[in-house]
Amino acid sequence: MNDTVSEVKKRIDIVDFIGSFISLKRSGRNFKAICPFHQEKTPSFVVSPERQIWHCFGSCSEGGDIIKFLMKWENLTFYEALKELADKAGIKIKSTPFEDRVWKKKERIIKLNTLTADYFSYVLQDSKYGNKAVDYLKSRNINLKIAKKFNLGYAPNSWDSLYNFLSKKKFEKEELFEAGLIVSGKSQSYYDRFRGRIIFPISDARGNIIAFSGRLLDDEAKEAKYINSPETPVYHKRESLYGINLAKDKIRKENNVYIVEGEFDVISMYQKGFENSVAIKGSAFTRDQLMYLKRYTNTLTLALDADASGEEAMKRALEDAENLEFEVKIAIIDFAKDPDEAIKKDFEAFKKALKNSISIYDFIISYAQKRHPDTDAFSKKKIADIVIPFIEK
């Protein structure tokens with residue numbers, strides 16, 4: 001194992017590697033940057049090419065080698081990070097002299113999720129129970145070829161069909177509960193979390209299925225329209241982006257990513273050729289997600305929902321995006337509630353909205369004027385309170 005670690009460090013230069021994630025600038029014999037692991041304005045993150053290590057001299061005081069950086073950046077275990085770097089360097093890990101229990105647990109949940117996705121996909125594509133869901137997808141202009149591409153599925157409207165299926169595969173109920181696939185009921189009973197819903201498997205950039213989102217077919221039902229997997233050892237909502245596994249190569253090629261809010265937005269855009277699209281979960285666009293995207297592109301185009309929460313999400317994301325040195329554009333879609341609806345309503349107008357994306361400063365001014373449309377002195381002051389901090393930076 002020590003030989004593998006040494007060989008990885010020899011073959012992958014730490015400056016080149018870290019520089020592919022964050023912007024490094026030479027400072028004497030070293031390189032400096034804004035620390036990606038905490039908020040700061042003055043660069044305190046230092047990389048030493050001679051010693052092949054990095055260290056933050058700011059408040060987080062983190063440091064280490066190339067393996068430790070990848071562990072921190074992607075929230076990986078030591079073995080996961082070493083394996084990824086070894087693959088990148090063309091080195092095969094023959095054996096491990098230790099048991100990485102955290103990785104073993106993650107590996108088990110990923111296997112469980114993969115089986116679950118296969119089950120839901122079978123129900124959708126190859127059983128009579130999925131007919132209603134297929135009809136629903138067709139009504140949303142989603143063809144089955146694209147449904148297969150995104151590994152869409154259907155959870156039967158049953159209390160325990162998934163539970164019974166996975167139990168036969170020798171998984172314990174405690175594992176299913178930890179993976180967020182079943183819910184505990186009364187009298188120590190368990191039942192399936194996802195029932196009677198279209199299922200969207202959520203993958204990481206490597207294609208590992210880490211979670212699920214489920215949507216009701218009936219918009220008029222009293223239940224929540226969407227339910228999602230809870231936080232698990234492999235799924236952290238603040239770090240995850242729907243569609244990243246399919247979009248990453250196109251994002252890198254185009255040096256741009258379209259940020260949307262919903263799974264159907266991603267699928268509809270992908271179907272129309274905008275394959276560099278990903279969705280945040282909910283309306284919060286986090287610093288962790290921005291850092292995740294930084295390895296693929298320096299340009300963001302926000303195409304979030306055309307409502308107050310969408311505008312707030314864009315505004316909140318702008319400061320972190322600026323600090324991470326992204327070029328940020330905003331697509332104004334004012335003729336539909338979201339990209340999915342816009343594509344169906346007027347695809348040419350949608351393409352034009354993406355092409356004519358505006359700068360963050362134009363957006364902030366427009367946002368402030370919408371919030372305070374009156375022309376009195378008090379409203380003008382409120383507009384200035386919103387706009388000036390952005391211009392000041």
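Here is a friendly conversation about a predicted protein model and the terms used to describe it.

Visitor: What should I know about the model before we start?

Guide: The model is predicted, so local features need pLDDT of at least 70 and side-chain atom pairs count only at pLDDT 80 or more, while totals for chains, interfaces and linings use all residues. Residues are numbered from 1 along each chain as its sequence is written, and side-chain values use heavy atoms, with hydrogens and water left out.

Visitor: How many helices and strands are there, and what makes a stretch count as a helix or a strand?

Guide: The protein has 17 helices and 16 strands. Both are DSSP runs numbered from the N terminus: a helix is H or I over at least four residues, and a strand is E over at least two.

Visitor: Why is Ser139 called exposed?

Guide: Exposed means over 50% relative accessible area, buried means under 20%, and partly exposed lies in between (1.4 Å probe, protein chains only). Ser139 has 52% relative accessibility, so Ser139 counts as exposed. You can find Ser139 in helix H6, residues 131-139.

Visitor: Is Arg140 buried or exposed?

Guide: Arg140 has a relative accessible area of 17%, so Arg140 is buried. Arg140 lies in the loop between H6 and helix H7 (144-149).

Visitor: What does Arg140 touch, and what makes two residues a contact?

Guide: A contact means heavy atoms within 4.5 Å. Leaving out residues up to four places away in sequence, Arg140 touches Arg215, Phe264, Asp340 and Lys344.

Visitor: How do you know whether Asn113 is buried or exposed?

Guide: The relative accessibility of Asn113 is 1%, so Asn113 counts as buried. Asn113 belongs to helix H5, residues 101-126. Not counting residues up to four places away in sequence, Asn113 touches Ala179, Leu181, Ile209, Ile210, Ala211, Phe212 and Val234.

Visitor: What makes helix H12 largely enclosed?

Guide: In H12 (residues 287-294), 7 of the 8 residues are buried, so the helix is largely enclosed by the rest of the structure. Among the buried residues are Leu290, Met291 and Tyr292. Of the 393 residues of the protein, 49% count as buried.

Visitor: Why are S1 and S5 said to stand at the edges?

Guide: They belong to an open sheet of 5 strands in the order S1-S2-S3-S4-S5, with antiparallel pairing. Strand S1 (25-27) and strand S5 (63-64) each have a single partner strand, so one side of each is left without a neighbour in the sheet.

Visitor: How do you know that S2 and S3 pair?

Guide: Two strands pair if DSSP finds at least two bridges between them. Strand S2 (residues 30-33) and strand S3 (residues 45-48) run antiparallel and are joined by 3 bridges. Lys32 has Val46 as its bridge partner in S3, and Phe31 has Val47.

Visitor: How many bridges join S3 to S4?

Guide: There are 4 bridges between S3 and strand S4 (residues 53-56), and these strands run antiparallel. Ser48 stands opposite Ile53 in S4. In the hairpin of S3 and S4, which has 4 residues between the strands, Gln52 takes a positive phi near 55 degrees.

Visitor: Which way do the residues of S3 point?

Guide: Phe45 and Val47 point one way, Val46 and Ser48 point the other way, and all are buried.

Visitor: What makes S13 and S16 edge strands?

Guide: Another open sheet holds 5 strands in the order S13-S12-S14-S15-S16, and its pairing is mixed. Strand S13 (277-279) and strand S16 (358-359) each pair on one side only. Within this sheet, strand S12 (residues 257-260) runs parallel to strand S14 (residues 299-302), with 3 bridges joining them. Tyr258 stands opposite Thr301 in S14.
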